[in-house]
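Dear colleague,

I am handing over the structure we spoke about, and below it I have written down what was found. Please keep it open while you read, so that you can look up each residue as it comes.

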Amino acid sequence: MGEFAELTFRGRTIRLPVVEGTEGDIGLDVSSLRSELGAITMDPGFANTGSCRSAITFIDGEQGILRYRGYDIADLAEHTTFLETAMLLLKGELPTKPELDAFTESVKEYMVLHEDVRHFFNAFPKDAHPMAVAGAVVGSLSTFYPEAMDPRNVEESRESCRRLLAKLPTIIAWSYKHSRGRPMAYPHHSMGYVENFLHMLFSAPYRDYVPDPLVVRALEMIFVLHADHEQNCSTSTVRVVGSAQANMFAAISAGVWALWGPLHGGANQALIEMLEHIRQSGLTPRQFIDQVKNKTSTIRLMGFGHRVYKNYDPRAKVLKKAAFEALERLGIQNELLDLAVRLEEAALTDDYFIERKLYPNVDFYSGIILKAIGIPLTMFTAIFAIGRMPGWLAQFHEMQRDPETRIARPRQVYTGQARRDFLPIEQRG
Ligand code: ACO
């Protein structure tokens, strides 16, 4: 037997095997706890629970390190395209040029949606949030590909991966067009993945949209930075649904909806709304920080704090620099960026934030870039979803092939009524 920890409870001692990762992460295997001691672990929010072993993404929250397949996030953000990073996540290695070209071509082939799917959009209310539409349409894809229901079928899973990666930008761009009452633009084969998304978002039959390469690059980088983040809320959702061997479209649509929450991917939209509110109400950053610290209010400083990072989120570092560069090169004077910087300074020098180790997270500066490059506010979380797709897919794929995977089924400690006698209705009151 390898290394183990000992746990003593009510006079009985058991051994918990130690699981060690390549970067020194330590897990204690508690899977025998209930059968040996009759007890379970309590860990609300799973903050100390390792749900799997994974070889995809490494985070050191104390040091502020994020790596995909061993590569530093800042290097990938600077040097790779989104599809290159997607291949890295999905296959484990950076592709060669011919491999990337072939993958890009096949993804582009799949960007178009089945023509019948186009009619779905008319059934949604005009003010439907793009994330609601995206979740619904992604789930509906399972009705179009009935041959792809078994997530353990490697060939079909590969096809579904490509379809999902390719079709989400089209779904999201079309949800925007529908909300504006404008005709939908089809993906164009001559364009790259990111350009195609921008074209479908902004082109009209009477006016082509030619994206500025700076805008394409900024969005590409935002997608790369969001591509995976190990066992976060939406990814764990994808894994939980997939653990029941539900099909990939069902699992990914659940992930889209989890991401929508304002404590998760919805924070980038909430952040801009917060900055607009501060600006309009004339509050100083310090006054707003005081409101956040007041424990009788429910206001949070959006874009700050993270379950894992107790240091500056490395993605926020890249994005802060990129926000300054993009705004300068686009010649935009952005009051919101100034306000964000002043808020960050006020928070990082405040004892409340220092004691709780609250730093800017990925959403703090991404929203400012998205706004500057003309992405509508309601689309921000949907942009995050496009970025996160390779991570969801890679994690789903890894889970299906992991012999340790079991259906996700946590336990509970019951705190309700003890057994009592049934009362017929006429005797109650
Ligand atoms: N503003 C003010 N206080 C905060 C914030 C914040 N943004 N974040 C955490 N805190 C405080 C909490 O009130 C709590 O204080 P207490 O100990 O006095 O009760 C303490 O810090 C710990 O916070 P928890 O909520 O327990 O931390 P948790 O790990 O559960 O939550 C989360 C992490 C949800 C990200 C949280 O920091 C938050 O709500 N941030 C704002 C929303 C946000 O930016 N979300 C995006 C996260 S990144 C992503 O999903 C892409």
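Predicted model: local features only at pLDDT ≥ 70, side-chain atom pairs only at ≥ 80, totals over all residues.

The side chain of Glu105 meets that of Lys108 in a salt bridge, with 3.6 Å from N to O. Both residues belong to helix α4, where they sit 3 residues apart, or about one turn of the helix. Lys108 is buried, because its relative accessible area is 12% and the cut-off for buried is under 20%.

Lys97 counts as exposed at 57% relative accessibility, whereas Asp101, at 36%, counts as partly exposed.

What does a salt bridge between Glu398 and Arg239 link? The side chains of Glu398 and Arg239 meet at 2.7 Å, again from N to O. This pair links distant parts of the chain, since Glu398 lies in helix α18 (residues 380–400) and Arg239 in helix α10 (residues 233–243), 159 residues apart. Glu398 is buried, with a relative accessible area of 18%, and Arg239 also counts as buried, at 7% relative accessibility.

A search of the whole structure finds 21 salt bridges, and among the residues involved are Glu276, Arg279, Glu335 and Lys371, which are linked in a network of salt bridges.

Now to the ligand. There are 20 residues around the ligand, and those that come nearest are Arg300, Leu301, Gly303, Arg307 and Tyr352. Sorted by class, this shell has 10 nonpolar, 5 polar and 5 charged residues. Arg300 places a polar side-chain atom 2.7 Å from an oxygen atom of the ligand, while Tyr352 has a polar side-chain atom 2.8 Å from a nitrogen atom of the ligand. Leu263 takes part through its backbone, where an N or O atom lies 3.1 Å from a nitrogen atom of the ligand. Taken alone, the ligand exposes 910 Å², and the protein buries 74% of that.

Is helix α3 enclosed by the rest of the structure or exposed? Helix α3, residues 82–91, is largely enclosed by the rest of the structure, because 9 of its 10 residues are buried. The buried residues include Phe82, Met87 and Leu90, and Glu84 and Thr85 are also among them. Just after this helix comes Gly92, which takes a positive phi of about 100°.

Ile26, Leu28 and Val30 make a nonpolar surface patch of about 250 Å². Val30 lies in the loop between strand β3 (26–28) and helix α1 (33–37). With a relative accessible area of 32%, Val30 is partly exposed, and so it passes the cut-off of over 30% that a residue needs to be part of a patch.

With best wishes

Terms used:
Residues numbered from 1 in each chain as written. Heavy atoms only, no water. Patch = residues over 30% accessible without salt bridge, like charges linked within 9 Å, V, L, I, M, F, W, Y side chains within 5 Å. Areas by Shrake-Rupley, 256 points an atom, 1.4 Å probe, with all protein chains shown as cover. Salt bridge = Lys/Arg side-chain N within 4 Å of Asp/Glu carboxyl O. Helix = DSSP H or I, 4+ residues; strand = E, 2+ residues; numbered from the N terminus. Buried < 20%, exposed > 50% of the residue type's maximum accessible area, 1.4 Å probe, protein only. Near = heavy atom within 4 Å. Polar contact = N/O pair within 3.5 Å; in protein donor to acceptor, adjacent residues only side chain to side chain. Nonpolar A, V, L, I, M, F, W, Y, C, P; charged D, E, K, R; others polar.
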